[in-house]
Amino acid sequence: MNKTIVALSTARGRAAISVVRMSGDNSIEIAKQFFRPFPQKPNLLKLGTLTTSHFDEHAMCVYFVAPHSYTGENTVEFHCHGGTAVAQAVIETCLEHGAVMAQNGEFSKRAFINGKQNLTNAEGIIEMIDAETASAAKAGANLLENKLGKRIVALQDTLLDIVSSCEAALDYPEEDLELPTVETSKQKLTDILCKINELISTATLGKVAKYGIDVAIVGKPNVGKSSLLNALLGVDRAIVSDIQGTTRDTLTESVNYRDIRFNFVDTAGIRESNNEIEIEGIKRARKAADSADVVLHVTDDPTDRSVYPTIRPQVRIYNKSDLFKSEPCCVDSLVVSAKYGDVEIIKETLYEMFSAQDIETSDLLITNERHLSCLKQAKLQLTEAIADCDKTTLDVVANEIKQVWQTLGQITGTDASEDVIDRIYSKFCLGK
Amino acid sequence: MTNKNYDIIVIGAGHAGCEAALASARLGCNTLMLATNLDTVAYLACNPSIGGTAKGQIVKEIDALGGEMAINADKSLLQMRMLNRGKGPAVFSPRAQVDKNVYHINMKRTVETTPNLHLRQGEATAIERNPDGSFSVATAVKLVYKAKAVVLCCGVYLNSRTIVGDCVRNSGPNGFANAKYLTESLIELGFKVSRFKTGTPARVKLDSIDLTKTVEQTGEADVAPFSYATDSIPATKRSCYLTYSTAETKRIISDNKQLAPIYNGSINGVGPRYCPSIEDKIIRFADKERHQIFLEPESEETDEFYVQGASSSMPASVQEQIYHSIEGLENVEIMRDAYAIEYDCIDATQLDATLMAKHIPGMFFAGQINGTSGYEEAAGQGIVAGINAERYVHGKAPFTLRRDNSYIGVLIDDITTKENTEPYRMMTSRAEHRLILRQDNADLRLTELGRQIGLVDDARYAKYLHKKHQIEQCEKQLKEVVSPKLYGPLFEQKNEPVSGAGLTVDEILRRTNITAKDVQSLGFFDETDDDALYQIELNCKYRGYIEKEKDAIEQANKLENKPLPNDIDYSKIDGLRLEARQKLNKIRPRNLGQAGRILGVSPADIQILIVYLAQNIHKQ
């Protein structure tokens, strides 16, 4: 018998209602002890009284019987009033009656283990939960509908055709099979490679959607980097002073602009220094700039034409425009005054830069590292296989194509070597 | 009632039985081999041919382990070919036409002259396990034999029925008597029995074939013998002929479909997809205009020809029409009818990797009784079962082959891991490491093992060591640098671009058009035999791929080397899906690698097992 787990299924914090869910062999028995009247049938939402040790709560209850539930186990949900205190009391009541607290992602894990979800489904749900912006939620939804899974399965299917033709040729050399030529096979493989490349190229967009864009704010000391961060966030997050070198460590804060998340990194001012702590801070500033998606190079000198030394894209920001006596010398830069909160133009520029348009219209995004690494591996293997078509013998090439197929199978969690043999016999008339 | 005592009794004298009995007797066990009919020893009941894709590799592996099939095939050759030339060394496959009478007689003679081995006619009717763990085997004439271990190699004889249209006979292949009672003993001993089906085509008379309408196929002279002990093979003794079915064949079969036992429900056994009857081919692949038919000689001594590609269970009168519709066979005289045969076999997942029943120590199974098809597959199991029966009797550690060292290892792992839904045929595509499991290196892979077991004699072993030594000597020369002056003329002659710089022997040999023989002509690889040269050549040309394969093996072995204790109760492991629990409890895999190959056990289940094992180690 497995343990019955319980957790709050809706977000923590203020809300109209919250949902507490229990899953496990005993969940229905546990719920019957403190919810009355208990629904007579599964899948039916029923109003009743939930007795906790502190108070009686008017709540709704619904239960599902294995395997017809999200986790594939007996499951009970309580829809109660919102707010932390109520949910906490309901969870405590469940715990008192024998449930245990669920680990992170344990509901999805059980769903996967019980065969209710394939690997991509389960990962999709976890991403959906993690999604912090609208576009990330959409990428999660695509995984959930198994769009990725379907695309991969379609690629696998084409590969299976090619593999089975090769294998039929190898295992049945004496049959007069109508087999595709090397040229047509190569063409098909190249098509698959293109599709894999397309999928991989959505990964950058996927990362943007999921994790947001890292924006490093760099520049000399006292040019107003921390003020700029505060202005961008709309709150006083970083300490601001007139003393050079106030900011020692990097500080990251995120803000959503339309549907994109920006992670702004405030950094220590860069200058020659003998102070050990400041030297470390400057080192971190440089590192933050090198790993950022874009660098905001801040200056308060309208005659400054310098360029921050990085291979990352950068935008020059003339800060403290309220103090400028002349127009800044570089026209392709942004002129702002952090002090007066006039920084919208930075957000707008960044938004344009990262073609939010593409994220909204792209119907498929790779946001999962595991999927990306599988696809990249498949790409490498396939490239090699295509090159080998002309270089070596069919026994080797067939193995290589089979490997591509297996690598893709790691995404969908399918790996059935019998498939090749089944396909051979369904496609070709073979045998004595 | 007499009681005769042996160490081992082998039931059945087919291809599995002969290898099992020879191995056990040669390893010093007093062995009895029972056969329903001594004229069926090593009888080639279907096609008169040994080898082919994946099967040729198995024959060579049997040979390297010290078995008999390769030697016997070499002694009985009509012609030999190498299939898959041009498709790569991993799939080169030797295939021979053999004389079925000579093959039978040669094997029978070998069996008769092997010390410790007693060949006896008799239908085994019952097997009993005695309280002391030994076995008693009773025969139809009420003799009882006793032994410490038994090896069942009953082929397709258990409760077999042959079917020609609506004429069904309780008979073994070719009208030989079947074994009617033994299945009952097996069921009593707890074996799950199912029913499979296979078939064979008609035999026709050579002088009634219009050979002018066929294409003659002779053997090839440059193919090495199957056995590393055979020095050379004879020239083609008899040809094969290629012809085709016609539109008329299609019409006849379509018109008579209702008479086909496989379509009207009178055959219950499951037949192999890779061995379809002509009616099956034509009905399932209706688009295909014509089907290839090979005419193969059965023997030098008769005019009977085997009609490969046209097995059938149609009524004999329809068979006549079908065969007459084949090009060149318009007036052919049928000598023996085609028939389908149904038989009992066991569920080989009840066996472990030594082919011993997991629940009955000392009871081994090999060949078609395990749900496989093919002479070679049977013989490969036979030698493994024979070796292990001897080891069981003498209290030695079990001997198992692996997926990364042999096709036989792949075969045994497959059948003991996955429940067969049809007769199992070996294919190169089943071997994930086929780049390493080649016909040319079977001796290098397995001779050492055969020697340790005790089946490889001094002469054979010396030959192997000699080859290995030559390869090592050649490898030492691979780094030597050759001047353009020396290799230039060769490269020009072979259309390889000359760079002007010195090249190592290795670099030269990796060029597409250069062979090890060419390198030898430059003054390297002195006094090296052709087969050693070939190894050097492959090792250089395919090095990258072979290295990759070795990495893959290492990866796979990470799971393969995680043993699963035999006493795990899978039904109690939290998180395993129901199907996985049932399958794991039934098959009781040796390790995580095998567990992962069980149908119905998912990668998630394996993750859970890994966690379970880790927890248990932690507890201890």
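The structure is a predicted model, so local features are included only at pLDDT of at least 70 and side-chain atom pairs only at pLDDT 80 or more, while totals for chains, interfaces and linings use all residues. Residues are numbered from 1 along each chain as its sequence is written, and chains are lettered from A and ligands numbered from 1 in the order in which they are written.

**Chain A at a glance**

- Chain A has 14 helices and 13 strands; helices (H or I, at least four residues) and strands (E, at least two) are DSSP runs, numbered from the N terminus.
- Of its 432 residues, 42% count as buried. Buried means that 20 or more other C-beta atoms lie within 10 Å of a residue's own; 12 or fewer makes it exposed, anything in between partly exposed, and the C-beta atoms are placed from the backbone.
- Take the contacts in chain A between residues at least 6 apart in sequence: 60% of them join residues at least 24 apart. A contact here needs two C-beta atoms, placed from the backbone, within 7 Å.

**A six-stranded sheet in chain A**

- Here 6 strands make an open sheet with mixed pairing, in the order E9-E10-E8-E11-E12-E13 (chain A). Strands count as paired if DSSP finds at least two bridges between them.
- Strand E9 (251-257) and strand E13 (334-335) of chain A are at the edges with a single partner strand each, so one side of each has no neighbour in the sheet.
- E9(A) pairs with strand E10 (residues 260-266) of chain A in the antiparallel sense, over 7 bridges. Tyr257(A) has Ile260(A) in E10(A) as its bridge partner.
- Helix H8 (residues 225-233) of chain A lies across strand E8 (213-219), E9, E10 and strand E11 (294-299) of chain A, and runs at about 160° to E10(A). For such angles, axes are lines fitted to C-alpha atoms, for helices over the stretch in contact, and values run from 0 to 180 degrees between N-to-C directions.

**The nonpolar cores**

- A nonpolar core is a set of buried Ala, Val, Leu, Ile, Met, Phe, Trp, Tyr and Cys residues joined through C-beta atoms within 7 Å.
- In the largest one, with 178 residues, the members touching the most others are Ile9(B), Ala20(B), Val150(B), Val151(B) and Phe364(B).
- Helix H6 (residues 147-171) of chain A gives the most to this core, with 11 residues.
- Another core, of 31 residues, lies apart from it and includes Leu228(A), Ala289(A), Val298(A) and Ile346(A).
- Leaving aside neighbours within four places in sequence, Val150(B) has contacts that include Ile9(B), Ile127(B), Phe135(B) and Phe364(B).

**Domains of chain B**

- The assignment for chain B gives domain 1 (3-197 + 345-441), domain 2 (201-342), domain 3 (471-549) and domain 4 (562-619).
- Between the C-alpha centres of domain 1 and domain 2 of chain B there are 26 Å.
- Across that boundary, 41 residues of domain 1 of chain B are in contact with 45 residues of domain 2 of chain B.
- On the domain 1 side, E4(B) supplies the largest share, 6 residues.
- By class, that side has 18 nonpolar, 11 polar and 12 charged residues. Ala, Val, Leu, Ile, Met, Phe, Trp, Tyr, Cys and Pro count as nonpolar, Asp, Glu, Lys and Arg as charged, and the others, Gly among them, as polar.

**Strand pairs in chain B**

- An open sheet of 3 strands runs in the order E3-E5-E4 (chain B), with antiparallel pairing.
- E3 and E4 of chain B are its edges; each has a single partner strand, so one side of each is left without a neighbour in the sheet.
- E3(B) and E5(B) pair over 3 bridges, and Gly51(B) has Arg95(B) in E5(B) as its bridge partner.
- Elsewhere, strand E14 (residues 240-244) of chain B pairs with strand E13 (residues 215-217) of chain B over 3 antiparallel bridges, with Gln217(B) opposite Cys240(B).

Definitions and conventions
Domains from an automatic or database assignment.
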